[in-house]
Amino acid sequence: MLEEVKKSLESSPIVKKGDYNYFVNPISDGVPAMDPKMLRELSLAVHKHADLDVDKIVAVEAMGIHLATALSLATDIPFVVIRKRQYGLEGEQEVYQKTGYGSSNLYINDLHPGEKILIIDDVVSTGGTFIALLKTLQDMDLEIKSAVAVIEKGEGKKIVEKETGIELLSIIKLDVIDGKVVIEKTIED
Ligand SMILES: O=P(O)(O)OC[C@H]1O[C@H](OP(=O)(O)OP(=O)(O)O)[C@H](O)[C@@H]1O
Ligand code: HPA
């Protein structure tokens, strides 16, 4: 398990976004092309380790969408996307997201008090995105049964857990050291 994922991550190019060391990978960027074997490995790992007793899978645009789609097809659980686009629908919630290299607004629709959810995104790094989203979802009285960041970069997971009290499930922990992705552990280790 996770052999394709590890191989691909270890060969990711690093690009600079200001001072931020950004790895480029099919999971987090859709570039280069995603081998379906890899997507299957990730989906299986989430399937095995997350609490799937949920009403909805919640994807964070953009790079949570393919992960949520794969999981939805494997489980028959519907998914909804937290978008970067505002619709102005009744009940829409706006969330300000700040990452290590940028910021934007996110818009939550079609999530209702009491619903059980699994939220999934590709990466947790500074924790800015997950902290803002989880706090808002808690305020909306959603039952967050699983919060999944497929890739944990640096100390992001710990920061999110400390700030929100919600445990984050990650499949692979890595860091960028001397211009290279170094895998520190996987959920299968
Ligand atoms: O822990 P953080 O520092 O907040 O970083 C994690 C976020 O950064 C990326 O989002 P980005 O806004 O680049 O969007 P994308 O999914 O459209 O690439 C990633 O998809 C996470 O949502
Ligand atoms: O280094 C990164 N690479 C890809 N996506 C990301 N999202 C946060 N950090 C990163």
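This is a predicted model: local features need pLDDT of at least 70, side-chain atom pairs count only at pLDDT 80 or more; totals for chains, interfaces and linings use all residues.

Residues are numbered from 1 along each chain as its sequence is written, and chains are lettered from A and ligands numbered from 1 in the order in which they are written.

**Helices α5 and α6**

- Helices here are DSSP runs of H or I with at least four residues, and strands are runs of E with at least two, numbered from the N terminus.
- The axes of α5 (residues 128-139) and α6 (residues 156-164), which are lines fitted to C-alpha atoms over the stretch in contact, come within 9 Å and cross at roughly 25 degrees.
- The two helices, α5 and α6, are therefore roughly parallel, a term for angles under 35 degrees between N-to-C directions, on a scale from 0 to 180 degrees.
- Phe130, Ile131, Leu134 and Lys135 of α5 meet Val160, Glu163 and Thr164 of α6, contact being defined as C-beta atoms, placed from the backbone, within 7 Å.

**Backbone geometry**

- A cis peptide bond, with omega near -10 degrees, runs from valine 31 to proline 32, and proline 32 belongs to the loop between α2 (26-29) and α3 (36-49).
- Glutamate 61 and alanine 62 are also joined by a cis peptide bond, with omega about -10 degrees.
- Just after α5, aspartate 141 adopts a positive phi of about 65 degrees.

How values were computed:
Angles under 35 degrees count as roughly parallel, over 145 as roughly antiparallel, 65 to 115 as roughly perpendicular and the rest as oblique. Two residues are in contact if their C-beta atoms, placed from the backbone, lie within 7 Å.
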